[in-house]
Every structure is written in structure tokens, then in C-alpha cells.
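Subject: Structure handover

Hello,

Here is the structure I said I would pass on. Please open it next to this message and follow along; my notes come after it.

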Amino acid sequence: MNNWLLVCVLLITMGFAYQFGLARSKSVAAGGPGRMHSRPGYYGLLVALWCGVPALAVFMLWSAFEPNIIRASVMEYLPAEVVSADGSQLNVALRRIENIASGFGVSDQPAEYELRAAERMSAVQQTGRLSMYGLMAVLGVAGLVLTLRRITPNLRARNQVESVVKALLVACSAIAVFTTVGIVLSMIGEATKFFSFVSPLDFFFGTVWNPRFSTVGTGDQGQFGLIPLLWGTIMVSIVAMLIAVPVGLMTAIYMAEYAPGWLRSMAKPVIEVLAGIPTIVYGFFALVTVGPFFHGLGQMIGIDIRATSALTAGVVMGIMIIPFVSSLSDDIITQVPKAMRDGSLGLGATKSETIRNVVLPAALPGIVGAFLLAASRAIGETMIVVLAAGNSPVLHANPFEAVSTVTVTIVNQLTGDTDFASPQSLVAFALGLTLFVITLGLNVVALYIVRKYREQYE
Amino acid sequence: MENNLQRSLAAAEGTVGVSAAAKIKMTARDARVFYGEKEALHGVNLDIRENEVLAFIGPSGCGKSTFLRCLNRMNDTIDGCRVTGKIELDGEDIYDRSLDVVLLRARVGMVFQKPNPFPKSIYDNIAYGPKLHGLASTRAELDEVVERSLIRAGLWDEVKDRLDQPGTGLSGGQQQRLCIARAVAVSPEVILMDEPCSALDPIATAKVEQLITELAENFTIVIVTHNMQQAARVSNRTAFFHLGDLVEVDDTTHIFTSPKDKRTEDYITGRFG
Amino acid sequence: MNTTNQTNLQDREAAWAKQRRVVEQSLARRHAAERRFRGLGLSGVIFGLAMVALLFVTILAKGLPAFWQATIPVEIYFDPQIIEVEQRPGLLPGESAAQLREREMAWQTQLTMSNWNRLIENALLEFVPEAADSRAELRRLVTSGERFRLRDMVVADPSLIGKRVRLDLLADANIDVWLKGNIDRDLPDNQQQLSAKLRQWADDLYARDVIRMSFSTALFANTDSRSSLASAGLAGALAGSLYMMLIVILLAVPVGVASAIYLQEFAPRNKFTDLIEVNINNLAAVPSIIFGLLGAAVFINWFKMPLSAPIVGGLVLSLMTLPTVIIATRSALQAIPPSIRQAALGIGASKMQTIFHHVLPLALPGILTGAIIGVAQAIGETAPLLLIGMSAFVAAVPATPFDQSTALPVQIYLWQGNELRNFFEARTSAAIIVLLSVMITLNAFAIWLRKRFEKRW
């Protein structure tokens with residue numbers, strides 16, 4: 001039986017169970033002396049849950065373990081040389097056996113052991129499936145009957161249903177936590193594997209990035225120095241912040257303090273469009289428009305500017321985070337109480353004097369928080385630098401030259417054809433861990449500052 | 001209550017030293033304020049005399065604060081607010097295009113309802129205005145202005161040892177006196193006070209009231225208050241506003257003892273408001 | 001007393017006058033500073049707006065022409081003498097399914113070996129009779145993938161053999177580039193991609209309206225192609241993105257909403273929930289590439305899920321979108337005034353009933369808006385997809401979310417790196433236009449929802 005069909009049957013059964021519960025509670029209510037504790041629908045739901053959920057759990061458990069159980073069951077039929085063969089060969093053999101077992105067949109003459117293994121496999125599969133169906137049916141019926149019998153006016157069906165729903169809600173909110181835990185654990189786990197190849201000292205303080213191709217067996221693995229990548233990241237981010245901070249801040253000030261209503265309601269969403277554009281689009285924009293423009297500009301004034309350089313990537317990234325800086329700063333500037341502005345204006349300060357001397361100092365903590373968030377975004381940005389920074393992991397301080405960054409290198413190391421267990425791939429996780437720690441630090445500090453700031457004026 | 005009022009009036013009697021013939025500092029003729037389409041103030045005519053303390057009283061929403069804010073054009077900062085009519089300072093129309101609002105506000109200072117010290121040191125709070133307007137050219141001059149203003153605001157002894165600490169760290173009453181000192185530091189000709197004590201406790205209120213009486217020697221003061229006893233205690237003349245109209249203005253003693261208008265009488269005897 | 005007052009007054013008036021002069025003197029400078037500051041602010045806004053304009057103008061200018069592609073409408077004669085096709089093999093008695101597939105593949109190979117090119121050449125010769133002795137050259141007018149299109153047509157409908165069919169053949173990518181002027185026509189011969197003869201033919205046929213610029217359905221109907229560049233399309237990428245979008249909608253939205261409901265309405269305020277709160281805010285700011293690493297380590301390496309599959313991409317993007325949905329939902333719930341809750345609780349509803357029957361429906365527009373914006377963000381994301389293997393070339397429309405696939409942003413990434421830049425710069429921009437249109441549509445829908453159902457309390 002198809003899995004989808006099975007789930008459908010289960011759902012339909014639950015529908016019926018609901019109806020039974022509903023009918024039963026009504027008849028109990030009609031015959032009994034007192035009022036029912038809950039509305040009839042809750043009894044229906046309770047019956048449906050008891051009928052369906054245990055069966056569903058069995059189904060999910062079996063589905064999760066079925067492939068492994070079946071695999072294990074046929075292993076004994078395989079000749080020793082196949083079992084001891086490496087993973088892919090074993091998989092081919094198993095795939096053949098599965099095909100024979102399912103009746104699809106193989107194009108050549110199957111070996112004797114394959115036929116026997118296939119026979120065994122389909123037997124295991126059948127008994128497994130049958131017992132699963134049986135168990136599901138028993139559980140379903142048992143749940144249905146027992147719950148129906150429990151329906152009395154005193155049964156607190158609503159509370160029971162609600163606690164199930166609440167458990168579901170809790171489970172959902174745990175996912176976000178598990179994601180963080182997953183990120184941290186997987187990052188640390190894989191990075192630890194990497195550090196078994198390369199010493200952390202060489203990684204964190206190495207000034208040369210030159211990983212060789214992954215050739216298993218040769219001692220030569222190349223050099224994995226983080227510094228050039230980190231420096232590239234910082235250089236690009238600095239350029240980005242040099243663009244985004246002044247433009248974003250001035251935009252925010254203008255929008256919050258000067259712009260007439262129509263301009264504000266027109267320009268604010270348009271500028272925020274910049275934040276919604278996918279980064280790959282910015283990367284392409286940098287590659288085909290901004291890079292050549294800077295290159296041409298460099299030729300005109302006699303400086304050698306590469307089309308793909310820290311400058312190109314940084315400028316485009318700066319454009320990308322303008323709305324980020326401006327809308328956060330705008331929020332924060334607007335939160336500065338009007339009383340503060342009035343105090344200054346009432347003394348005869350001009351608007352710009354008020355903004356520079358009173359509003360901005362008052363908003364400073366929040367704005368610094370916004371800058372930090374923007375910086376964290378710049379550091380973690382990937383596609384723009386992949387396309388426009390030139391990918392040259394060499395330590396230098398010239399923004400007109402190509403650089404490489406942490407994120408670019410992560411992409412390069414994981415999209416090649418290298419073996420996942422080689423240091424060339426694993427280094428991506430060490431880099432990812434570094435990136436995660438840096439951005440997390442920035443975010444925590446920034447969010448803390450912004451939160452404190454909000455509380456100050458609430 | 002009755003007793004208190006009597007006593008306050010007796011105190012006020014003494015301060016009515018300036019004769020009724022004193023110079024007119026500001027005048028308003030048919031001043032109207034619109035918020036969008038709605039008229040909030042219906043043609044106010046009022047003279048403010050030099051060196052007097054003029055109190056605006058009236059139930060909330062009567063337009064007294066709105067009118068006060070017209071006097072140094074703080075209403076400009078409110079979107080959709082429009083002022084018509086004529087308001088003059090020393091015979092100059094303050095809504096005239098040629099008049100610079102910066103200069104106007106330097107001459108007509110303002111103290112607000114809630115103490116609003118800047119997030120700066122006490123010293124910088126006071127020095128802010130003089131610095132902006134270039135009133136002190138040297139550090140020594142500035143020091144002097146700060147000290148003089150704080151002394152005038154009766155705050156000097158309390159803060160002279162911690163001038164570099166943030167103004168926001170002071171108590172509410174101290175903050176308000178700091179704001180008054182801040183306004184005084186620019187040496188304005190008129191000081192507008194918008195319910196300066198409404199956020200303060202009674203002791204702080206008493207201090208600020210005393211301060212107002214002292215300042216009246218050198219400044220023209222217009223004060224909005226919802227507290228009639230306060231008006232009686234500190235002001236020479238009182239104007240009563242009701243529903244956007246200036247109902248009556250007269251010497252404080254007259255307003256509280258023999259109001260001409262029924263509405264004024266109802267208000268001061270506590271029938272509404 | 002009066003006289004002292006008088007002198008006092010005179011002194012003061014003199015001081016005021018002096019002060020007025022000082023302030024007046026500073027006014028010009030201060031107003032100039034005001035104007036400068038204001039101008040600076042305005043230029044910030046203008047810079048931002050100009051960048052939006054520049055970005056869109058660049059992309060549109062480069063991409064719009066690519067929606068029209070050089071095509072050659074011809075009449076193909078499926079000459080039975082050129083293509084000899086056996087009957088498609090059927091299941092023989094006693095044969096296993098695997099054996100049948102083996103024979104079917106042999107049949108297809110044989111089919112592919114047929115000289116489909118000759119059909120194309122014959123059709124083209126009608127327009128360029130003088131090319132009879134340089135058929136191979138002539139054939140290069142048409143992109144190489146078109147012969148497989150003819151083959152697939154016959155596989156689908158063997159009765160076509162012997163018939164004449166009107167068809168729009170896609171011209172070779174280089175022809176398209178040449179005709180659109182995307183290559184310098186004055187380059188010397190040895191730097192041109194096309195031979196002088198072909199260029200001559202192309203110009204000639206274009207002038208005779210045999211080659212036309214017609215709307216490129218290939219862009220939407222075809223999958224990516226490496227051998228036949230002119231027929232490279234977005235079908236696979238669109239399907240992949242659609243699958244991922246569905247997965248994000250099915251996973252991130254309900255889970256996000258549920259967890260927001262718990263955190264906002266039920267969770268006790270303590271250190272632990274504070275931690276969850278901080279955690280979610282941070283998760284929202286974690287770089288997307290980190291989620292890609294998570295996917296590579298957990299889903300690919302640990303759970304052994306298939307590389308490059310939309311299911312993995314969808315899972316990764318769901319985790320990435322989750323915080324956005326949670327934050328949006330929480331603020332939507334927060335915006336519902338407590339009076340609604342109190343009213344419902346007051347008439348004896350349980351907390352759960354209050355929330356699901358009263359609060360949630362009111363918060364729905366806000367929740368949906370946040371969710372849509374999150375989904376739109378997710379489908380534009382590239383970096384995490386590259387890390388779960390989606391940088392591979394895939395030339396098929398994925399039938400299920402478990403098949404290999406690309407996605408729109410990944411396709412853009414792959415195309416921008418293609419060596420035939422003159423052709424693919426436009427093609428990539430066109431793909432970007434498609435991606436942006438999808439995102440703009442989603443966002444417009446979100447804005448419409450917000451406008452339509454917005455309530456002020």
C-alpha cells in the first residue's frame with residue numbers, strides 16, 4: 001500500500017472517530033443528569049486524537065527504521081567480498097537486490113545469492129508492513145473504543161485537547177532552539193575534525209591561504225591561514241560601512257526630521273526595496289555595472305583599479321545595507337522624545353543644531369547598535385563578494401585589488417569536487433564557526449544596546 | 001482650599017508692584033490657531049506687560065497651552081498647525097516673514113511641562129544656548145554664564161560640585177530648575193512656562209514657584225497652570241481660557257475675588273474643570 | 001523704587017539690544033549650516049533612490065531584450081528516408097521491467113543516431129539554396145539542441161514521419177548575439193565567433209525576415225542546457241524554486257506561527273524564555289551561509305539526504321525563514337489590544353479558545369504579511385543552496401522534491417559565469433527579471449493584504 005494512501009486512510013478514520021465522539025458525547029449529554037464539562041466538539045477531537053496519533057506514531061517510527069532493518073536482514077545472504085567492499089559498491093549490490101525484490105528485475109542474469117537475498121528482503125518487507133498495518137489498526141480501534149467509553153459528563157475533554165495543542169506549540173518553539181543548537185554542534189563537530197588535520201594555531205594565525213587539492217594519502221595539504229580571508233572580509237566590510245553609514249544615517253535623519261509626508265511615504269518604501277533585492281542580483285550588478293565603472297574611472301585618473309575588487313564588492317554591499325541602516329536609525333531617531341527636540345528648539349536652536357547636538361547624542365546608543373547589526377550583515381554577506389571581490393586570498397591592503405573573504409572561501413571549499421572528509425572541505429566549517437562567532441558577538445551586543453535604548457524611552 | 005486661596009492671594013498682592021501703566025511687551029490681536037481644519041483658538045486679544053507674571057488658567061483643552069506656544073512659534077513644529085492674526089513682540093510681528101524664528105526664540109524662551117534636560121552634563125545643558133547663539137566667546141565667559149544661570153535658578157549650591165555629571169541624573173525638581181536655568185542662560189526677554197510644575201512633587205513645586213517670583217524681577221514671565229492656587233501665588237495677572245476663547249484677563253486678585261464672567265466664576269469655585 | 005526700576009529697564013534694554021545684534025550676526029552662518037545639513041540629508045535620499053533606479057534600469061536594459069530571441073520559422077519535412085525509426089519496444093513475455101528499460105534505452109540511442117540535422121539543413125536550404133555544398137556551416141545557424149527537439153517530437157508522436165510541420169527553430173546563441181549587436185561587428189575575422197559566411201547569411205535572412213526576434217518561450221519552457229546555449233531555459237529552476245517555496249510555506253509558516261503563539265501568549269516570563277527570545281532575534285541575524293553549512297553537515301552528511309534536492313533546500317530555507325515568521329507573528333499578536341482577550345476570557349472562554357477564536361483571526365493579516373515577506377526573502381536566497389550541492393548543472397525538470405534540481409537564484413549564479421558572456425549577460429538579466437517579478441508579486445500581495453485588512457486600534 002502506498003504511504004500517501006495510508007495517511008489518507010488514517011485521516012479519514014480520524015474524521016469518523018471525530019463523528020463518533022461527537023455523537024457519543026451528545027447521547028451521554030441527553031441521557032445523563034448533569035451538564036457536560038466541554039462542548040461536544042472537544043470530545044470528538046479527543047477521540048480522533050486517541051484514535052489517530054498512536055497509529056501515526058507507529059507509522060512514522062517504522063518508516064524511519066524500515067530501510068535499516070531491511071538492509072540488516074539481507075546482509076547475511078551477501079558474499080563476504082560484497083559486504084566488505086566500499087560503500088558505493090555495496091549500495092549498487094543492494095540496489096540490485098531491491099529491484100529484484102520489487103519485481104522490477106535486473107537486465108542481466110541475477111546471481112544465486114541475489115535471488116535468495118531478494119526473496120528474504122521481500123519477506124521481511126511484507127511481514128514488516130503487515131505487522132505495521134496490524135499494529136496501527138489495533139491501536140486505532142483501541143484508542144477509539146477506550147476513549148469513547150471514557151466519555152462522561154466529568155471528562156475534561158477540552159483541557160486534554162488543549163494540553164495536546166499546547167504540547168504541539170511548545171514543540172514548535174523548540175525548533176528555533178534546536179536550530180541554534182544544531183548550528184553550534186555541527187559547526188563545532190566538523191571544525192574539530194578539521195583541527196585534527198591542521199592545528200588551530202596554524203589556522204587562526206596563519207597568513208597564507210593555499211589549500212591544495214584533496215589528494216588522499218599525500219602528506220601535503222597546503223596552508224590554511226585564516227588571516228588573509230579575515231582581512232579581506234574586514235576590508236570589504238569597511239568599504240561597505242563607509243558607504244552605508246553616512247548615506248543611511250543622512251537618509252534616516254532627512255526622513256525622520258525634514259521630509260514632507262508625501263516624500264517620506266514615497267521614498268521610504270522605494271529605498272527599502274533595496275533591502276528586499278536578492279544578493280545574487282547585487283552581485284550581478286557589481287559584476288556587470290559597478291566593476292567596469294570603477295575600472296574605467298581608474299583608467300581615467302590613472303589608478304589601477306580591478307573590476308572585481310574589494311572596492312567594487314564593498315560599494316555594492318554598502319548600497320545593499322543602506323536601507324538597513326536607514327530604517328533602523330529612522331526608528332531610533334523617531335523614538336527620541338519630542339520634548340527633547342522642543343527643549344532645544346525653544347532655546348532658539350535651528351533644526352540641524354537640534355539634530356546634531358541633541359537628537360543624535362540621545363539616539364547614539366541605538367544608532368551604534370544599528371551600525372553593528374549592519375556590520376554583522378556585511379561580514380556575513382556572500383553572493384556579492386563571490387561574484388565581485390575577485391577571489392584572491394592574498395594579504396594586502398589595497399582596496400583596488402582583488403580580495404577573498406571568509407564567506408567566499410566557504411563557498412569555494414564546499415562546492416568543489418573534494419571529499420567531504422578532507423581538510424579542504426572541513427575547513428569550511430572552521431571558517432563558518434569563525435564567522436558565526438563574530439556575527440553572533442556583534443548581534444548580541446547590538447541587540448542588547450538597541451533593547452536597552454528602547455527601554456530608556458518607553 | 002478657600003483658606004489657601006485667600007492666603008495665596010494675600011501673598012500675590014505684594015508682588016503687584018509694577019503699575020498697570022507699565023510697557024506692553026507682547027500683544028496678540030485676533031490670534032487664531034488651526035489644527036488642520038479645526039480651529040483650536042478663536043481670536044485671542046491680549047497684552048503682556050513688561051516684567052509681569054501672567055498666568056493662563058482654564059480647564060484642559062481650553063487652548064491655554066496652544067496660545068502660549070504661539071508666543072514663540074513653537075507651534076511651527078507641529079504638522080498641520082496654522083496661526084492667523086497678529087502677535088507682536090515689542091511692536092514687531094513675530095509671524096512676519098522677515099523675522100527670524102531663531103532670534104525670536106532667543107528672545108522668548110520656553111520651559112516645558114515635563115523636565116527635558118538634554119542627555120549631556122549639567123554644564124553643557126546650561127552652556128548649550130549661549131554656545132549656539134555665540135553669547136560667550138571665551139571659556140571664562142561661558143563659565144560665568146553657567147554659574148550665573150544656575151545661581152539664578154537656585155541650583156548652584158546643589159550641583160556646583162558635579163557640573164560634569166549628566167543632567168538626567170538629577171531629581172525631577174532639580175531637572176526642572178535646570179531647564180529653567182537653561183532658558184535663563186540665553187537671557188531671554190520673556191520666559192514662557194508650560195505647566196512647569198505639573199510633573200513635580202509639592203516640595204519641588206514650592207521651590208520652582210519661589211524661583212518664578214525671583215525671576216520676575218528681571219524677566220517677563222507667562223505661565224500656564226492648571227493649578228489655580230499656583231496662579232494665585234505667583235502671578236500678577238491671570239487670564240482665563242475656556243473652549244478656545246480668552247474669557248477674561250485681569251489682575252489676579254480681581255479674577256479670584258470678583259470675576260466678571262460667569263464661566264470664570266464657575267471655574268474658580270470648582271464647578272467644572 | 002520706580003527710578004531704579006527705570007534705570008534697570010534701560011540697562012536691560014541695552015543688554016537685549018546688544019544680544020540681539022550678536023544673535024543676528026550668527027544667523028547667516030547658522031542658516032547656511034542648516035541648508036548644508038538639509039542638503040546632505042536630501043542627497044542621501046537621492047543617492048538611495050538613484051541606486052534603486054540605476055539597479056532596475058541596468059537590469060531591465062540588459063534583460064528585456066533577452067525575452068525576444070532570434071528564431072527561424074521553417075517547415076520541417078520528417079523525411080522517412082532520413083529517419084528510420086523502429087517500433088518502440090514493448091514488453092515481451094517473460095521479460096522483466098529492467099530488461100525492457102534496457103531495450104528502450106537502446107532504442108532511444110538508435111533514435112538519437114538518426115540524422116536529425118539533415119532535416120534542419122533541408123528546411124534551411126529552402127531559404128539559402130546556394131549553401132547546398134556547405135550544409136555543416138548552414139546548420140550552425142540553428143542551435144544544436146533543436147535536433148533533439150525533433151527527436152522528442154517523433155518519440156511522442158511517431159505518425160509525424162512523412163509529414164511536414166511548421167516549427168520555430170531557435171537560432172544559435174552566437175547568431176542572436178550578432179543580430180542584436182551584442183558583439184563588436186568590426187572585430188577582425190579571427191576574433192569573431194561566427195564565420196564570415198554565417199554572418200552574411202544571418203544578416204541576409206534577418207533582412208528578409210526569415211530570422212525574426214520572437215518571444216522566447218524557450219526561456220520558460222526549457223531546462224538549462226550547456227551544449228545548446230540558445231535553448232537554455234528556466235523551467236527546471238522555476239520548478240525547483242516552486243518546490244522550495246511550497247516547503248517553506250508548509251514548514252516555516254505553521255511552525256513559526258505556532259511557536260510565536262506559544263512565546264507570545266503562553267510562555268511564562270523567565271530566564272529560559274528570555275533566552276529563547278534572544279536566540280530567535282540572533283537567529284534572524286545569522287548570515288544565510290551558516291544555514292547552508294548546517295544543511296551540508298546535518299541533512300547531507302548526516303542524514304544522507306540527496307544532494308541538490310529541493311527538499312533539502314526547502315528545509316534549509318525554512319529554518320532560515322523561521323525567525324522572520326516568528327518575529328512578524330509576535331508583533332502582529334502584540335498589536336491586538338488586551339481588551340479583546342479580556343472580553344473573551346470574561347465570558348468564560350479558555351485561554352486557548354480566546355487565542356484561536358478571537359486573537360488569531362484578528363492578527364491574521366499581519367501574520368500573513370510577515371510570512372509572505374519571509375517566503376519572498378527565502379526564494380531569493382542563493383548562498384545556502386550552493387552549499388547543499390545546488391551548484392551542479394541539472395538539465396531536467398524535477399519530478400519530485402527529492403530529485404536533483406536548480407533554483408532561480410542558483411540558475412542566475414550559474415548563468416552569469418557562462419563563457420558566452422555576450423549571450424548570457426542578457427539571459428542572466430532576464431532570469432533576474434523573472435526572479436524579481438516573482439518577489440515583487442509576492443510583496444505586492446503582502447502590501448495589498450496589509451492595506452486591505454489593516455486595522456487601527
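Ile57(B) stands opposite Phe240(B), a residue of strand β9(B). The model is a predicted one. The contact belongs to a pairing of β9(B) with strand β3 of chain B, residues 53-57, which is parallel and has 4 bridges.

The hairpin formed by β9(B) and β10(B) leaves 2 residues between the strands, and Leu243(B) has a positive phi near 50° in it.

Next, the cysteines. With a disulfide taken as two cysteine sulfur atoms within 2.5 Å, the count over all chains is 0. For Cys51(A), the nearest cysteine sulfur belongs to Cys8(A) and is 15 Å away. Cys51(A) is buried, because its relative accessible area is 4% and the cut-off is under 20%. Cys197(B) is in no disulfide either; the nearest cysteine sulfur, from Cys179(B), is 12 Å away. Cys197(B) has 8% relative accessibility, so it too counts as buried.

Last, chain C. An unreviewed UniProt entry places "domain: ABC transmembrane type-1" at residues 238-444 of chain C. In the model that span is 77% helix and 0% strand, and its end C-alpha atoms lie 20 Å apart.

Regards

Key: Residues numbered from 1 in each chain as written. Chains lettered and ligands numbered in written order. Predicted model: local features only at pLDDT ≥ 70, side-chain atom pairs only at ≥ 80, totals over all residues. Heavy atoms only, no water. Pairing = 2+ DSSP bridges. UniProt positions renumbered as here; feature names shortened; annotations may be inferred. Buried < 20%, exposed > 50% of the residue type's maximum accessible area, 1.4 Å probe, protein only.
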